[in-house]
Amino acid sequence: MPEIREYELFEVHEPVSQTIPFVYNSPHSGRIYPPEFIAQSRLEGIAIRRSEDHYVDELFGSAVALGAPLLAANFPRAYLDVNREPYELDPRMFDGLLPPYANVNSLRVAGGLGTIPRIVAENMEIYARRLPVQEGLDRVEAVYKPYHATLRRLIARTHVQFGFGVLIDCHSMPGNVRVAGSTARPDFIIGDRYGTSASAELSRAAIAILEEMGFAAIRNKPYAGGFITEHYGRPSRGLHALQIEVNRAIYVDEVTLEKRADFAAVAEAVTGFMQQMADYVEKFAGDRALAAE
């Protein structure tokens, strides 16, 4: 896959010394589109970028200065989505038979949002024609597996160093998201897979910090967390995983995808949130709910 090797697939931004038990992850903010991928697509320009979590890596970039590593994808989500199982693949997208271990029946595959997505946001088909099966499998080998190997290493290192760890999986959501049964628009959504990927105390602290800062924040609805949150969150072992969704309408123009004038202010607020989360965890580091055996 020579086209994908022309740039770094992803980057780990590291502090000189990790001083807090956090790992930050931005799996959907990649915005380098290989020319060969664009040639395969029926979409171009802004249309192909609709699935990006626009500039989320920059919003959370100060994690490094606070003492935590940040893993950020450079490849776009439309090319491959690491927030899925490794082989959630849609047989309708490929010429040839998928291997028997592929999960072809998941709800995410049915919705066109498998490991190799069929659509971008607004239900726009990506590809002009079917892909060879081997190409899909090659993307998993070349992109998905190295990314997750790196994420596992960061989490394991944090766990060993501090005795527990907190993964914050960073995303953005469309500005038209509303709370069910309400016209209220959340600024942030904290997902903990309904209490299974992180301690309830940690989730409640995240919500409380955001609300104290003046943001509208809710938990789990409509985004409870994806594969990464579910897969890496093991609170019984002292490994907590939270997904955070930022309403992109507060910091980016969703039509032009240009940063809004108050982008810096939102990034500063995110920095404050990360600092207060670190302070909270440091204060309660000995709590069994956080540092479980």
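**View 1. Contacts of Arg84 in the predicted model.** Leaving aside neighbours within four places in sequence, Arg84 is in contact (heavy atoms within 4.5 Å) with Arg77, Arg108, Leu113, Gly114, Thr115, Tyr144 and Phe227. A polar atom of the Arg84 side chain lies 2.5 Å from the backbone oxygen of Leu113. Arg84 sits in the loop between β3 (70-73) and β4 (94-95). Strands are DSSP runs of E, at least two residues, and helices are runs of H or I, at least four, numbered from the N terminus. Arg84 counts as buried because its relative accessibility is 7% (buried is under 20%, exposed over 50%, partly exposed in between; 1.4 Å probe, protein chains only). This is a predicted model: local features need pLDDT of at least 70, side-chain atom pairs count only at pLDDT 80 or more, and totals for chains, interfaces and linings use all residues. Residues are numbered from 1 along each chain as its sequence is written, and side-chain values use heavy atoms, with hydrogens and water left out.

**View 2. Helices α6 and α8.** The axes of α6 (residues 200-212) and α8 (residues 263-283) come within 10 Å and cross at roughly 140° (lines fitted to C-alpha atoms over the stretch in contact; angles run from 0 to 180 degrees between N-to-C directions). α6 is therefore oblique to α8 (under 35 degrees is roughly parallel, over 145 roughly antiparallel, 65 to 115 roughly perpendicular, the rest oblique). From α6, Glu201, Leu202, Ala205, Ala206, Ile209 and Leu210 meet Phe273, Gln276, Met277, Tyr280 and Val281 of α8.

**View 3. Gly163.** Gly163 is in the loop between α5 (133-162) and β8 (165-173). At 38% relative accessibility, Gly163 is partly exposed. Its C-alpha atom is separated by 37 Å from that of Val177, 14 residues apart along the chain.

Notes
A polar contact is a pair of N or O atoms within 3.5 Å; within protein, one must be able to donate a hydrogen and the other to accept it, and residues adjacent in sequence count only if both atoms are side-chain atoms.
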